[in-house]
Amino acid sequence: FYQPIVDINTHDCVGVESLLRWYHPQLGWIAPENFVAVAEESELILTLGEWVLQTACNQLIDWESEGISLETVSVNVSGKQIIVDDLAVTAKRVLDATGYSPNNILLELTENFIMNQNETAINRMHELRNLGFGLAIDDFGTGYSSLSYLKRLPITKLKLDKSFVTEIPDDRNDAAIAQAVLALGRSLDLPIIAEGIETKAAESFLSAEHCRLFQGFLYARPMPASDFTTFY
């Protein structure tokens, strides 16, 4: 499924996040939090992760043939794909198979994973960046980021976690954290995607703080590719 990302300055859809959904014949739709952890425990997450990336690339090719051009397409990446597998090798295989350029594909890694990695993992992130992929820290603000560590990473975007967004502007602590993250992004020249936007009040607050990219139910829920074509 794909959830739109909106540029608040133009109100255009400028990107999507690729999100896994599993339809089980007896249980119906199953959310990723109920099956990704199981895939992580085995090594199925490696096969699944490669399938997601290849599916996203093929979908982008189809959309571009229909005149749909996006500046950002986010794909969530498991830390296991970095540590156990060499994601740069897998990604290169996907690019060779699909013929797609990775310049507008954003690979998302959680903050907790990124801030606890060794030199090998950091080097692999640099290899992915050298291939042309963007790299984002997902759930930013929920972990324990060291700014000296952060500047060593080839990060191109930050995602403001929805836990700081849902109560904005009523919760003063959440508002202060959001302001700090946005100020950090400006200082490091890193665009911020604010996720979990559900109210006009949150949108107005973050827009006033010069956040440009928004994602959440206020704009659209995750949808199949065919529905996105109509939405766009």
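Start by selecting α2 (44-65), the element that gives the most to the lining of the second largest pocket, with five residues. Helices are DSSP runs of H or I with at least four residues, strands are E runs of at least two, and both are numbered from the N terminus. A pocket here is an open set of points on a 1 Å grid over the protein atoms alone, where a 1.4 Å probe fits, with protein on both sides within 12 Å along at least five of seven lines; lining residues have an atom within 4 Å of a point.

You are viewing a predicted model, where local features need pLDDT of at least 70, side-chain atom pairs count only at pLDDT 80 or more, and totals for chains, interfaces and linings use all residues. Residues are numbered from 1 along each chain as its sequence is written, and side-chain values use heavy atoms, leaving out hydrogens and water.

Next, select E17, L19, P32, N76 and D138, which lie nearest the centre of the largest pocket. Its volume is about 1,200 Å³, and 42 residues line it. Here too α2 supplies the largest share, five residues.

I193 stands opposite K159, and its bridge partner in β10 is L213.

Technical notes: Grid points are joined across faces, edges and corners, and a volume is the space filled by probe spheres set on the points. Two strands pair if DSSP finds at least two bridges between them.
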